[in-house]
Amino acid sequence: MFDLDKWQEIFATIRKNKLRTFLTGFSVAWGIFMLIVLLGSGNGLQNGIEYQFQSDATNTIWLHPGSTTMAFKGMKPGRQINFTNEDYTFVKENIPGIEEISARYYFWENRIISYKKQFGSFDLICVHPDMQVIEKIVIDQGRLLNQVDQQRNRKVVIIGLPVKEALFKNGENPLGEYIRVNGVPFKVVGVFTDRNDRDQQRLYLPISTAQMIFNGGNKIHNLTISTNISVKESEALEQTLRTKLAKLHRFNSEDKSALYIGNTIKEFKQFQNMFMGIKLFVTVIGLFTIIAGVVGVSNIMIIVVNERTKEIGIRKAIGATPWSVIFLIIFESVIITAFAGYIGLVSGIGLLELVNKFMPASDFFRSPEVDFNIAVAATLVLVFSGMLAGLFPAIKAARIRPVIALRDE
Amino acid sequence: MIQLKNIHKTYYIGQNSLHVLKGVDMHIEKGEMISIMGSSGSGKSTLLNVIGILDNYDDGEFILDGKLIRDLNETQAAKLRNKTLGFVFQSFNLITFKNALENVALPLYYQGVKRKKRNIIAMEYLDKVGLRDWANHLPSELSGGQKQRVAIARALIAKPKVILADEPTGALDSQTSLEVMDMLREVNQTGITVIIVTHEHDISMLTDRIIRIRDGVIGENIIVEKLNQN
């Protein structure tokens, strides 16, 4: 099989039939090219959206109070449900397995932030220190908010990178500087970044300070907890929270609009399932493209065998065994598919690299790539399919009777 | 060298059958140069296919070089053809994309002779047929006579015991025909049995013996020398 002479014989045949070789190879190269580009784009799509998703923790449950739509114990529907610090404490103490917990208090209006003569309007979000973990923010300068800030009602703030760029136009170091939030000076202790650009256009304040200074009382707007549990457990937890908070706030636990619950554990799982589906779909399309290529090669090889009937007859008349004919055809096909496939592989990966390099990452598309194992597997599939493509024509060729060669045209 | 006893061969085409060889008896000695003649459809090509182990036969006995040839599988047949038989065809049957040297060397490739060695041997044989300078030319660049000489060199390279030539001069003019026949005669003088199928009387007269085939059986068996004496 590794007889150099046999290979030379095959290469000589390939070299002397360039157009035929090119046409045969092209369909395979195209098939592999498409497979690689498809798989790469699939991965790019997934990477893009996963990147977005991972700008926040994917193991959180969000609780937003709403207003009732059902009468409950003599109370009319339409009653507003409000959360307070007590709800924060209640959830923290009564729900087991919580990793992080934070309340949020928002400013809906009057969000004027200023530093010296620079003004801007950004989201003001007042949180417990745990929220910084849930939001997966990354400190660029300074530090995060901490428990001491919270306990002592310190007037400190951390600001997003775009906020820094908007307010500190002259390149001053913001750490230790005071910015005015609705007129009240707050000391900047940190600058952060977040993968999600919208989540960067923010300032985070300790919730205790904000409630005190901006007449918030003990009011909070929502609650977020993070916990490492399965999808099923998270659904049970949703139910538990709903039941307990319904009792506390006296609304019907069936009344969904009295309490909105977001579950990123479930959403992330659904997202992962969707991507499994997309990946499978893309793989199947890719495989069919390869199969089309293989069928193409097989077809061309059959035509080739027909064209070469006389030659094969001559070879057999002068002593070629059926096996040597099979070898000749199959390995010609294997060489062409392997080589063409390799070209398809390289150009596919090349294209993905170019896209990766020159196309800016967007929310939906980021670093398209094909992993090494898939590339290796594709190459093996190729060699195998080359054999398959050559098999039937080869058997046909081996059956050609040398008498044919004797027959005069 | 070749013994045929009561050889029968029938072709089946759909529901029709064609009984081509109807009991051929023939004996060819080692070192003979004979011609087989017959009108088209008489079965002479079929007979040559049987002798060349290119086709099997239905009934009878065919002994080639002391071996009974019957029910060989393709591989055995291929090896026997390679070792004992050399073919020369009317239409030359050279492989179009291989040059003269590679065409001549091909039987040695199937014997497993290394490339370098077989090219040296092939060059010797090309020299013998006077085409050393044409070794690197493709068949399309050669004249009819040159092509046939390449084919003869190819038939000889495996040192066969029998050369089978099917209308070797059919596509050549009379001058070239004579040259090719001279060459085959030279081959014959080295002790190789030569069998030529032809329908040209002049050509058959250049062999030792003429076997005339009629309607699937041997018609006449003419010794050429005697014919010339008459």
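This is a predicted model: local features need pLDDT of at least 70, side-chain atom pairs count only at pLDDT 80 or more; totals for chains, interfaces and linings use all residues.
Trainee: Why is strand S11 (residues 202-206) of chain A largely enclosed by the rest of the structure?

Mentor: Four of its five residues are buried, so S11 of chain A is largely enclosed. Buried means 20 or more other C-beta atoms within 10 Å of the residue's own, exposed means 12 or fewer, and partly exposed is in between, with C-beta atoms placed from the backbone. Strands (E, at least two residues) and helices (H or I, at least four) are DSSP runs numbered from the N terminus.

Trainee: Ok, which way does strand S6 of chain A run against S11(A)?

Mentor: Parallel, with five bridges joining S6 (residues 123-127) to S11(A); pairing takes at least two DSSP bridges. Asp123(A) has Arg202(A) as its bridge partner.

Trainee: And strand S8 of chain A, parallel or antiparallel to S11(A)?

Mentor: S8 (residues 156-160) is antiparallel to S11(A), with two bridges. There, Ile159(A) is partnered by Leu203(A).

Trainee: New topic: how many residues does each chain put into the contact?

Mentor: Chain A gives 22 residues and chain B gives 24, where contact means C-beta atoms, placed from the backbone, within 7 Å. H10(A) gives the most on the chain A side, with four residues.

Trainee: Is H10(A) mostly covered or mostly open?

Mentor: Mostly covered: seven of the nine residues in H10(A), which spans 309-317, are buried. Among them are Ile312(A) and Arg315(A). Just after that helix, Gly319(A) has a positive phi of about 120°.

Trainee: What about chain B, how are helices H3 and H5 arranged?

Mentor: H3(B) (residues 100-111) and H5(B) (residues 144-157) pack at an angle of about 25°, with axes 7 Å apart. Axes are lines fitted to C-alpha atoms over the stretch in contact, and angles run from 0 to 180 degrees between N-to-C directions. The two helices are therefore roughly parallel (under 35 degrees; over 145 is roughly antiparallel, 65 to 115 roughly perpendicular, the rest oblique).

Trainee: Which residues of H3(B) and H5(B) meet?

Mentor: Leu106(B) and Pro107(B) are among those from H3(B), and Val150(B) and Ile157(B) are among those from H5(B).

Conventions. Residues are numbered from 1 along each chain as its sequence is written. Chains are lettered from A and ligands numbered from 1 in the order in which they are written. Two residues are in contact if their C-beta atoms, placed from the backbone, lie within 7 Å.
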